[in-house]
Amino acid sequence: MIEFQYADFAWEQTAALMAVDSPSGYTAKAAAWVKEAFEKLGFSATITTKGGVIIDLGGRNKDDGLLLEAHADTLGGMVAEIKGNGRLRLTPLGGMRPENAETENVRIYTRDGKVIEGTCQLCNASIHVNGEYGSTSRTWNTVEIVLDENVGSAADTRALGIEVGDVACFEPRTRRTASGYLKSRFLDDKLSVGILLGFAKYLHDNNITPERRVYCHVTVYEEVGHGGSASVPAGVTEAISVDMGCVGTGLQCTERQVSICAKDSGGPYSYDVVGKLIDAAKKTNADYAVDIYPFYGSDVEATLRSGVDIRHGLIGAGVYASHGYERSHIDGVYNTLKVICGYLDV
């Protein structure tokens, strides 16, 4: 049985990766971090042409391989317009919502390597001035980035090196509470990258070689829909997306559990794989829930749409307030690790 210490390690790795900004399309530094983290554990890792990371965790049977997919790209924004007053209008990267972005600190990365700070605010954000503050609909046209620089015109902002197409990264605000709750933006899906690193460390520390060949693919375009659509190693027969488990009204899962998804908006997952995941949870005494996600898509569905002939599944630690300021729990991390170990009999 995998020990709880590997859940703690998974969170330590997650917190470190959170410090590397990586919205979809701006992920090279995060991919390099992931590659190095797996290599430190003794595993071969390669950056794909597309920018993701393929890791070989070993295993004897190459003709019945298992691919574990997680993603290091997050939500974010891109500069769409430099306004006449020097402030910025953003277009979202992935499903970033203006309601959740409002009042968050932001870093703008320029093409010449500068990092310029600002805050996402409602246009005319002073409540003592704006009588329509509460009734204004939050859209990407009604919020803006107020730069922490002395700018009053588009020319002033351009003089800083900022231009349309630059990337806006939102502060994750990562923390672990004394009661074990894990809070941060972008637990979706850096928490699962940490979980895969925890699993890899468990294999390394205990000198375990799985019966099946096991690969990981840490993708970098999941939030825009095509992260897992390439780079499936030869011999893989099953792929499991390790992504956030949904928590919310109408679902069973809590943040302290591992969620096993039977169906999402893309359709049902492999009945056989879902059954084996449930069996793995029971075998390892993992606290789990089976749920159907109403508004969700995963890397592994992109893998299937690419035409690969494999079976697919989806698990993840329960995460509340998805695509906002998200919350999970260290127990959910541990239960997810137990299911992965049980699925592979390691």
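Tyr 6 is buried, at a relative accessible area of 4% (buried is under 20%, exposed over 50% and partly exposed in between, using a 1.4 Å probe and protein chains only). This is a predicted model, in which local features need pLDDT of at least 70 and side-chain atom pairs count only at pLDDT 80 or more, while totals for chains, interfaces and linings use all residues. Residues are numbered from 1 along each chain as its sequence is written, and side-chain values use heavy atoms, with hydrogens and water left out.

Tyr 6 sits in helix H1 (helices are DSSP runs of H or I with at least four residues, strands are E runs of at least two, and both are numbered from the N terminus). Setting aside neighbours within four places in sequence, Tyr 6 touches Gly 198, Lys 201, Tyr 202, Asp 205, Asn 206 and Leu 337, where contact means heavy atoms within 4.5 Å. Tyr 6 and Ala 317 lie 311 residues apart in sequence, yet 14 Å apart in space, C-alpha to C-alpha.

As for the rest of H1, its 14 residues reach 20 Å from the first C-alpha to the last, close to the expected 20 Å (1.5 Å times one less than the number of residues).

Next comes the pairing of H1 with H2. The axes of H1 (residues 5–18) and H2 (residues 28–40) come within 10 Å and cross at roughly 155°; axes here are lines fitted to C-alpha atoms, for helices over the stretch in contact, with angles from 0 to 180 degrees between N-to-C directions. That makes H1 roughly antiparallel to H2 (over 145 degrees; under 35 is roughly parallel, 65 to 115 roughly perpendicular and the rest oblique). Gln 13, Ala 16 and Leu 17 of H1 meet Ala 30, Trp 33, Val 34 and Ala 37 of H2. By class, that contact has six nonpolar residues, one polar and no charged (Ala, Val, Leu, Ile, Met, Phe, Trp, Tyr, Cys and Pro count as nonpolar, Asp, Glu, Lys and Arg as charged, and the others, Gly among them, as polar).

H2 also packs on H5 (residues 187–205), with axes that come within 10 Å and cross at roughly 15°. H2 and H5 are therefore roughly parallel. Here Trp 33, Val 34, Ala 37 and Phe 38 of H2 meet Val 193, Leu 196, Leu 197 and Ala 200 of H5, giving eight nonpolar, no polar and no charged residues.
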